[in-house]
Amino acid sequence: MEEKIILAALEEMKIHGFRFTMGDLTRRLHMSKTFLYKQIDSKEKLVAGILNYLMAKFEREEKLISESELPLAEKLSCFVRAYAKTFQFLDHGIYNDLQSSYPQEWTRWENFRRQKVEVFLRRIREGIDKGIFLPINLAVVERFLLVMSSSLAEPSFLRENDLTYAQAIESLSEWMFHGIIKK
């Protein structure tokens, strides 16, 4: 699937969520529906392609971070920033659209998100074992991350606080890694 189509679909998602139409996409791309459907059989395949694109993009970033010489705490911070940047437009409304209209893709997305939380937790465990981080209950951290990453995507919360999803995740990251106590 052409990256140009995926990027145009991502722009449409910023406006309409997953409720954008193939007509919206053809207007953005200045192409006919016939040509678009020669590239992509269905909107379902397009949605799968969008998620594949985003997941692959994040995994490339994750690999670069993992292979870097950065200290572990900095790797975790970069991991969180990369996650926020890659998935910044996936607000709660888009999550709801995905869950209700494309349940198979929702399940695939949720599995991916859980896998990335597991990667994050392994890094924290590594830091605890090396004495870099304080011992903490990783089950609580896992629950916290899964709930908060979804909760921070609530459109009303983001609007009321004049935040983007990336900014909200960055703020959460600052609190997680640096706490709230002045030093």
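Analyst: Tyr 102 touches Phe 18, Lys 43, Glu 44, Val 47 and Asp 97, not counting residues up to four places away in sequence; contact here means heavy atoms within 4.5 Å. The model is a predicted one, in which local features need pLDDT of at least 70 and side-chain atom pairs count only at pLDDT 80 or more, whereas totals for chains, interfaces and linings use all residues. Residues are numbered from 1 along each chain as its sequence is written, and side-chain values use heavy atoms, with hydrogens and water left out.

Tyr 102 lies in the loop between helix H6 (92-101) and helix H7 (103-129). Helices are DSSP runs of H or I with at least four residues, strands are runs of E with at least two, and both are numbered from the N terminus. With a relative accessible area of 10%, Tyr 102 is buried, a term that means under 20% relative accessible area, against over 50% for exposed and in between for partly exposed (1.4 Å probe, protein chains only). Arg 28 is 74 residues from Tyr 102 along the chain, and their C-alpha atoms are separated by 23 Å.

Helix H4 (residues 43-67) holds Glu 62. This residue is also buried, as its relative accessible area is 14%. Beyond its neighbours within four places in sequence, Glu 62 is in contact with Phe 79, Lys 116 and Val 119. With Lys 116 there is a side-chain to side-chain polar contact of 2.7 Å. A polar contact is a pair of N or O atoms within 3.5 Å; within protein, one must be able to donate a hydrogen and the other to accept it, and residues adjacent in sequence count only if both atoms are side-chain atoms.

Gly 17 follows H1 and has a positive phi, near 65°.

As for the chain as a whole, its secondary structure comes to 10 helices and 0 strands. Of its 183 residues, 45% are buried. Among contacts with a separation of 6 or more, 64% join residues 24 or more positions apart. Along the principal axes, the C-alpha atoms fill a box of roughly 60 × 35 × 25 Å.
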